[in-house]
Each structure stands twice: as structure tokens, then as C-alpha cells.
Amino acid sequence: MAQVVVISLDRSENLVTGSPSRSHQPAAVALPQLVWGHGEPWREANVWLLSRKDSGLDEETVRKDAQLVGAYAQWVEEVKVAWHHFPLRKDERVLNRYRQHLLQLRAAGKLAASTVTHRMRAVIALYRWLVEEQLISTKWPLWEDRTYGVRISTDFGLQRSINVSTSSLAIKNKRRPGYRLEGGVLPVSAKQRTQILEAARSHAPYELFLMLACGFFTGMRVGSICDLRVGTLINAARDSRLNGFVYLTIGPGATPQVHTKFDVTGQIIMPATLFDEILGYVESPTRIRRVDRAARSDRDRVFLTAAGRSYAAKSAGHGATVSVLMSRLRREAAKIGIDLGGFHFHQTRATFATEVAETALRSSQRLNAISIVKDLLLHAHEATSLRYIRFVEDEKVKAKIGNDFSLAFLNEAIEKPCD
């Protein structure tokens with residue numbers, strides 16, 4: 001299957017023809033490259049990536065472009081169609097088929113709307129460059145470009161219009177109907193949570209299982225979990241009023257500091273059973289060996305990779321290690337009949353927040369419930385917490401309506417005389 005790799009390119013050789021280049025730039029440069037499943041590089045796309053870097057784009061942007069186009073290359077191999085297949089019929093052209101594929105994934109909830117938009121945008125940018133550089137040629141346009149005016153206002157109240165061009169193949173970032181919580185995800189059920197954790201314990205590294213458990217039972221974001229420190233566990237406080245839980249202080253104001261979004265400092269709660277299991281892991285021979293390989297600044301991290309690096313660190317040609325492990329977990333789970341195709345790590349936080357909102361609404365007034373959710377999730381704004389409260393309230397209303405309708409329907413069916 002096609003993949004993104006990082007190799008050292010010889011800038012003295014033309015990547016398409018193989019002939020010497022007259023460029024006087026440095027002879028070698030390392031950047032993401034696309035390689036087909038049979039081992040051959042996708043030369044045209046690789047030249048495009050090189051041109052993106054030469055245009056002044058930063059390394060992270062080029063890496064993301066490579067990943068977005070890499071997903072397209074994988075699809076091309078899966079459906080066994082040539083990347084330059086553009087027959088007369090539009091619905092048979094490779095780009096039109098890929099667009100329909102992305103729309104189906106979005107409709108099924110397997111890809112976020114923003115991801116679908118970015119993937120199509122990157123592929124269009126690649127082909128637009130290929131046409132401009134005359135590396136691909138067809139008898140008819142690959143798409144239709146449209147131009148429309150957008151009116152914007154300046155800080156001084158003045159208005160002006162600018163022309164914006166878009167492709168007929170572009171996909172708008174259209175959100176799916178219904179509630180979308182933080183990160184545009186929805187919570188999972190208690191049964192699904194159990195399946196996910198069991199799959200992770202059996203078919204993923206132990207560290208990923210513990211991190212998923214932290215997400216499900218503390219609501220911490222993955223960035224905070226990856227930055228969790230041993231000192232944070234040592235300074236944890238137990239509260240007799242909240243039996244079975246411990247308090248962990250995280251944020252820039254904590255000692256030691258732990259990364260949080262918007263630099264919010266506060267306390268999160270963790271079940272004592274999970275806390276004790278993590279403490280046992282911290283003292284395990286596996287982690288101690290990883291600490292020996294870690295840089296001094298990383299040795300206090302609770303979770304370290306086999307190479308002694310942070311799980312939040314991005315490897316060459318890939319995203320954060322957690323993302324890579326999650327992709328592997330989804331594949332392994334599918335082999336045993338568990339569909340995790342639409343599951344993302346951030347759903348662990350949404351699941352915890354929803355359960356907190358439900359509990360808070362049962363035991364206190366709405367205003368107090370908002371405050372409880374805000375404190376335990378370390379939200380910077382109450383508006384974010386309110387979304388969870390509204391979600392829970394509306395789900396209860398929908399459930400009641402559904403139950404009442406079902407009861408009324410059954411009663412009517414029972415009372416209706418048989419023909």
C-alpha cells in the first residue's frame with residue numbers, strides 16, 4: 001500500500017527524467033516522499049512536494065500535504081485505478097470517483113468534514129500544479145473553475161470585495177447535522193467503551209491502553225496525557241469526601257507543569273484503581289528501560305515510547321505516535337470483528353464529559369452542573385461546558401419522545417382489531 005516516507009533527495013538529479021539538474025542549490029534535501037505499494041516512488045507528486053518546500057512553506061505544512069495526498073494514493077491502489085485516468089465520462093474519472101468516495105465517508109461519519117475538505121483540496125492542488133507544469137495532459141479540463149466575490153470588512157469599518165476561485169471538485173466543510181461537541185466528535189456508549197478498552201489491552205501497546213483509560217475516566221486531552229509527569233502522580237491528593245478518586249493538578253501553574261489547552265490550570269479527578277495501575281506501570285522494568293533512553297527533559301514523563309520519546313512527538317513522515325497506534329488498533333480490532341473505523345481518541349474526552357454532565361444534572365441545578373463540567377474538564381469558557389449540558393438534556397428529551405411514541409404505537413397496534 002502507498003505510504004509516506006522521508007528520504008534524502010539528490011537535488012542534482014531531475015526527479016522526473018532522471019537527468020542531471022542545473023540547480024545550484026544544495027545537493028541533498030530530506031522531505032516527505034510518496035512511494036507506491038510496489039516500491040516505486042510517485043515521482044510527479046514528489047516533485048510537487050519539493051516545489052512546495054522551495055516556495056517557502058514550512059516543514060509541517062509540507063508533511064501534512066504529503067499525508068493528505070498519501071491517503072489519495074492509498075485509495076487509488078485499493079480501487080485499482082490509474083492516478084491519471086481521465087476518460088470522457090466524468091463519473092469515471094479518478095478525481096470525480098475520489099470525491100464521491102470522500103463524500104460517502106463523511107456521510108457515514110468515518111471522516112470529519114474538515115478532513116474530507118482538506119484531502120480534496122490537497123489533491124486538487126497537486127493536479128492543478130501538474131497541469132501547469134505540463135506533467136499531465138487531457139483532451140478536456142479536469143474540472144471547472146468558478147470565481148465569486150466575497151465582501152470583507154476592515155478594522156476601520158470599510159468594506160471591500162475580493163475574488164475567490166474554487167474548483168467544481170472542491171468539497172465544502174459542511175458539518176453533519178446534529179450535535180457536535182469539542183473536536184466535532186460524539187461520545188461512545190458504555191458498551192463501546194468497554195469494547196475499545198478490551199481491544200486496546202489485548203491488541204495494542206500497554207501504554208496506549210492506559211492513555212485511553214485516562215481519556216475515558218479523567219477527560220484529559222491527549223496532549224495533557226502525553227505530557228503527564230511522574231511528579232504529578234506523586235503530588236496527587238486523595239479526598240475522603242470523594243471516595244475512590246484522586247485529584248491531579250495539571251496546567252502551567254501546576255508543579256510540575258503539564259500541558260493544557262489555553263494554558264488552563266486546574267484539578268482533574270482519576271479513579272483510584274486507574275491511578276494505582278499507572279503507578280505500577282511507572283515503576284515497571286519496561287518504563288525504566290525507556291527512561292534510560294530518554295532525553296533529560298522527557299525522563300519525568302509517565303508515558304514514553306520504546307525509543308524514550310514523548311508519544312506526542314511527531315516522527316518523520318508521520319503524525320504523533322498516538323495517531324499511528326490508533327490506526328493500528330483500528331485495523332487489529334477489525335480483524336476480531338470490532339468496528340473502530342469511526343473512533344477517535346478525542347471521543348474519550350467527550351464520553352467522560354457527557355457522563356459528568358448527566359451525573360451533575362441528576363444531583364444539582366443546571367447552573368451548578370455547568371460549573372462542575374467546566375471545572376472537571378478544564379474548559380476555558382462556560383459556553384463549551386453548556387454544550388454538553390444541552391446535549392444531555394436534548395438526548396433525554398429525544399429518548400422520552402421515542403419511548404412515548406413506541407408505547408403509543410404498540411398500544412394502537414394491540415387495540416386495533418385484526419382483519
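## Salt bridges, rings and a cavity

D227 and R301 meet side chain to side chain in a salt bridge, 2.6 Å from N to O. Here a salt bridge means a side-chain nitrogen of Lys or Arg within 4 Å of a carboxyl oxygen of Asp or Glu. This is a predicted model, where local features need pLDDT of at least 70, side-chain atom pairs count only at pLDDT 80 or more, and totals for chains, interfaces and linings use all residues. Residues are numbered from 1 along each chain as its sequence is written, and side-chain values use heavy atoms, with hydrogens and water left out.

**Salt bridges**

- Side chains of opposite charge can pair when their charged atoms come close.
- The structure holds 14 salt bridges.
- Helices (H or I, at least four residues) and strands (E, at least two) are DSSP runs, numbered from the N terminus.
- D227 counts as buried at 11% relative accessibility, and R301 counts as buried at 13%. The cut-offs are under 20% relative accessible area for buried, over 50% for exposed, and partly exposed in between (1.4 Å probe, protein chains only).
- Shared partners join D227, R229, D298 and R301 into one salt-bridge network.
- E144 forms a salt bridge with K90, and their closest N and O atoms are 3.8 Å apart. E144 lies in the loop between α4 and β3 (145-153), K90 lies in the loop between α2 and α3, and the two are 54 residues apart.
- E144 is partly exposed at 46% relative accessibility, and K90 is partly exposed at 47%.
- D91 pairs with R89 in a salt bridge, with 2.7 Å between the closest N and O atoms. D91 is partly exposed, at 46% relative accessibility.

**Aromatic rings**

- There are 13 aromatic pairs. Rings of Phe, Tyr and Trp (its six-membered ring) pair if their centres lie within 6.5 Å; planes under 30 degrees apart count as stacked, over 60 as edge-to-face and the rest as tilted.
- F86 and Y127 make an edge-to-face pair, 5.8 Å centre to centre with 75° between the planes.
- F86 is in the loop between α2 (59-79) and α3 (94-107), and Y127 is in helix α4 (residues 113-132), 41 residues apart.
- Both F86 and Y127 are buried.
- One aromatic cluster brings together W36, W42, Y72, W75, W83, F86, Y98 and Y127.

**A spot in helix α12**

- T351 is found in helix α12 (residues 347-363).
- T351 is buried, with a relative accessible area of 2%.
- Leaving out residues up to four places away in sequence, T351 touches P187, V188, R193 and F216. Contact means heavy atoms within 4.5 Å.

**The cavity**

- Rolling a probe the size of a water molecule over the atoms shows where empty space is left.
- There is one cavity of 30 Å³ or more. On a 1 Å grid over the protein atoms alone, a cavity is a set of points where a 1.4 Å probe fits but cannot get out, and lining residues have an atom within 4 Å of a point.
- The largest cavity holds about 70 Å³ of space. Grid points are joined across faces, edges and corners, and a volume is the space filled by probe spheres set on the points.
- Among the 13 residues that line the largest cavity, R221, S224, R349, L377 and L378 are the closest to its centre.

Technical notes: 1 Å grid on protein atoms, 1.4 Å probe; cavity = no way out; pocket = protein on both sides within 12 Å on 5 of 7 lines; lining within 4 Å.
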